[in-house]
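Morning, everyone. Please look at the model on the screen.

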Amino acid sequence: MAEIPHPPVDTKAAIAGLESTYADELTALTVPWQGAPSPDPTLLVLNEQLAESLHLDVETLRTADGVAVLSGTSAPPGAKPVAMAYAGHQFGGYTPLLGDGRALLLGELKTDDGRRIDLHLKGSGRTPFSRGGDGFAVVGPMLREYLVSEAMHALGIPTTRSLSVVATGQAVRRNGLEPGAVLARVASSHLRVGTFEFAVRQGEILQPLADYAIARHYPAVADLPAQGADSRYLAFFDAVVDAQASLVAQWMLAGFVHGVMNTDNTTISGETIDYGPCAFLDAFDPNAVFSSIDRGGRYAFGNQPAVLKWNLARLAETLLTLIDSEPDAAIAAVTGVLNTFDARYASHYSAGMAAKLGLAGAVVEQELTDDLLALLTDHGVDWTSTFRALADELRGDSAALDDLLSRERTASWLQRWRGALADAGVALPEAADAMDRVNPIYIPRNHHLDAALRAATDGDLGPFETLLEVVTHPFERRDEWSEYSGPAPLVFSENFQTFCGT
């Protein structure tokens, strides 16, 4: 497959100063490439606030030249677009070569604090890693990733972020013909566990990759006193374990189901990436699965911490030769770190649950939270609404909670919870206000998101734009948004599925 040449355009500093340290330093993990031309590119949505924070020229991004860059048709001046190579375990089975089959890394931007940020396109056409796919994406899934990733950012959960979605003017065959689209997103990097799984089989590139990841994401590790290579790479693994333990705890606290937790979707930075068949819980259910391809429930909501630990074990395997030349010693070292995952996850989750219950900083009995989860599970109670209703309960307004669960079922637990607040010396009004600061009113409810994406696919962006405004202000109650605060009708929830959008 020959590279498609498209000359750079004059973007008038819309996207200027892109660097390419990954492509320059790790050439064995990249292939220089160019996006496919778009017949009629049209900007559907642009994240102006994000663009401005990255010192991108918003007005120029909206011009034909800017949209050409955001669609992948043209490269910014000086940019070196590449498709990134990686491997991965998908649903537990190893695939030695995956890579960016429909994506391009345009380059890296620098933030005001010196951090390096990837600018990446998704849906920009075939690459050498497409494995028979067409390399394109369609409007619905790209707008889904845009909205859900921005909602996650608003919730304070580490995530890639979305800069734009451009309709290409090209029909793509999925469920019939659908309008094509390209997503532009930013990330701390696109380094994945799968990147290391690919590199370890390439030989000499593994150590440069690890050094690059350390310098970019965990500079404190790079600054450790020289004690041999083993201590540095083990400390790197330790840092990734903690970042991912924290991340998956935040998913669980928000009721977020990623849907496809393959190792190529597990970042080294600890950010959420690749919003394919993702969804948020309505009724609390540890066995909830929304993805149409997860027929065995491997990536069910309640399985996410265990799956994440499994993925980290795959990362550990790639680092063994860097940690110690003696295999048994290396295995013992990474096992010791990996065995701390459960306690780290429990610590992050417990602290988050304490905050959700108005007990931030206090030690909360495990039985109190376990019994609440059992109540919600047994009676199919809405996860997000519960915590706002509990805050209202502390203010003397029991109506919302009684609508979710009968007083007969909640009375005993509520008495124990109030006792925990009293023991912690937390005044009820202050506890309620603190709960409202961490418990959202609005999430991307599946029925609203589904309706918005259907309308957008048909050319009406109004519902999408409204929903985006709602979910990016998740803690801010507005009367005109009341319809977005409740769960989906049962008939919708029982039959709801998500799809990868590939």
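Some ground rules. This is a predicted model, where local features need pLDDT of at least 70, side-chain atom pairs count only at pLDDT 80 or more, and totals for chains, interfaces and linings use all residues. Residues are numbered from 1 along each chain as its sequence is written, and side-chain values use heavy atoms, with hydrogens and water left out.

Helices (H or I, at least four residues) and strands (E, at least two) are DSSP runs, numbered from the N terminus. Packed pairs are described by the angle between the axes and the distance between them. Axes are lines fitted to C-alpha atoms, for helices over the stretch in contact, and angles run from 0 to 180 degrees between N-to-C directions.

First pair: α5 (residues 139–154) and α19 (residues 462–471). Their axes are 9 Å apart, at about 20 degrees. So these two are roughly parallel, a word for angles under 35 degrees. Contact means heavy atoms within 4.5 Å. On α5, the contact includes Leu 143 and Tyr 146; on α19, it includes Phe 464 and Leu 467.

Pro 305, Leu 308, Lys 309 and Leu 312 in α10 meet Phe 341, Asp 342 and Tyr 345 in α12.

Last, is Ser 124 buried or exposed? Buried, because its relative accessibility is 3%, and buried means under 20% relative accessible area (1.4 Å probe, protein chains only) while exposed means over 50%. Ser 124 lies in the loop between β7 (116–122) and β8 (137–138).

Technical notes:
Parallel < 35°, antiparallel > 145°, perpendicular 65-115°, else oblique.
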